[in-house]
Amino acid sequence: MKAYNKFLILLISLIFLSCSSVRVSTDYNNEIDFSSYKTYAFSKKGIDKAQINELDKKRILKALEVELSSIGLRKNSINPDIVISIFTGVNEQINVYNSYNYLGYGLGSWYDFNYNTSTTQGTLYIDIIDYNKNELVWQGIGKGYISENISKKEEQIKSFVNKILLQYPTK
């Protein structure tokens with residue numbers, strides 16, 4: 001019975017981890033009037049350095065375009081007010097669960113229950129650089145878990161980008 005309870009707790013924990021939300025932090029220059037920025041472009045050099053596959057880069061850029069448009073910015077590759085760059089990080093965590101339970105009578109026997117899990121936490125950095133001054137004016141960081149399931153991944157990436165850019169100071 002104890003093994004069953006521990007397995008149930010482990011299962012609930014895994015479900016919680018897979019559904020956990022994105023933790024967001026931001027930093028910005030509070031002397032900047034962000035409402036003066038109207039146009040943006042992506043930094044090809046910065047995006048090329050991101051340590052993720054091309055499909056995920058495209059998912060992130062698509063999500064960024066939607067979110068930047070929703071806060072009133074439009075894409076202008078020729079003379080932008082700001083330049084958007086991204087970079088990523090990955091932390092893999094391996095959890096090992098051991099449980100030893102006494103079973104039987106007399107000398108008894110031991111039941112050994114081992115369960116290993118591996119989760120990957122991704123970090124997405126979104127940098128906003130003033131094009132004319134060539135200086136970082138805003139940085140948003142999102143940390144969370146992304147599923148390897150392709151059907152869920154796109155929605156999770158959209159959620160990641162959305163939650164980070166909700167912190168962008170539009171006023």
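Author: Take Asp-56. Leaving aside neighbours within four places in sequence, Asp-56 is in contact with Lys-153 and Ile-157 in this predicted model. Asp-56 belongs to helix 3, which covers residues 54-70. At a relative accessibility of 10%, Asp-56 falls under the 20% cut-off and therefore counts as buried.

Lys-153, one of the two contacts of Asp-56, lies in helix 4, residues 150-165. The relative accessible area of Lys-153 is 9%, so Lys-153 is buried under the 20% limit. Apart from residues up to four places away in sequence, Lys-153 touches Asp-56, Arg-59, Ile-146, Ser-147 and Glu-148.

The largest nonpolar core has 28 residues, and Leu-64, Ile-84, Trp-138 and Tyr-168 touch the most other members. At least two residues of this core come from each of strand 2 (39-42), helix 3, strand 4 (82-103), strand 5 (109-130), strand 6 and helix 4. Leu-64 itself, with neighbours within four places in sequence set aside, is in contact with Phe-42, Ile-84, Ile-86, Ile-126, Val-161 and Leu-165.

Strand 6, one of the contributors to this core, spans residues 135-145. Of its 11 residues, 8 are buried, so strand 6 is largely enclosed by the rest of the structure. Strand 6 pairs with strand 1 (residues 23-28) in the antiparallel sense, over 6 bridges. Within this pairing, Thr-26 has Gly-140 of strand 6 as its bridge partner.

As for the whole chain, there are 4 helices and 6 strands, and from the N terminus their order is α-β-β-α-α-β-β-β-β-α. Of the 171 residues, 37% count as buried. The accessible surface comes to about 11,000 Å², with 54% of it belonging to carbon and sulfur atoms. Among contacts between residues at least 6 apart in sequence, 70% join residues at least 24 apart.

Last, the confidence of the prediction. The chain has an average pLDDT of 79, and 70% of the residues score at least 70. Over residues 3-19, pLDDT stays under 50, and for this stretch the model has 11 contacts beyond four places in sequence. Where pLDDT is low, the predicted coordinates should not be read in detail.

Definitions and conventions
Residues numbered from 1 in each chain as written. Predicted model: local features only at pLDDT ≥ 70, side-chain atom pairs only at ≥ 80, totals over all residues. Heavy atoms only, no water. pLDDT = per-residue confidence, 0-100. Contact = heavy atoms within 4.5 Å. Buried < 20%, exposed > 50% of the residue type's maximum accessible area, 1.4 Å probe, protein only. Pairing = 2+ DSSP bridges. Core = buried A, V, L, I, M, F, W, Y, C linked by side-chain atoms within 4.5 Å. Areas by Shrake-Rupley, 256 points an atom, 1.4 Å probe, with all protein chains shown as cover.
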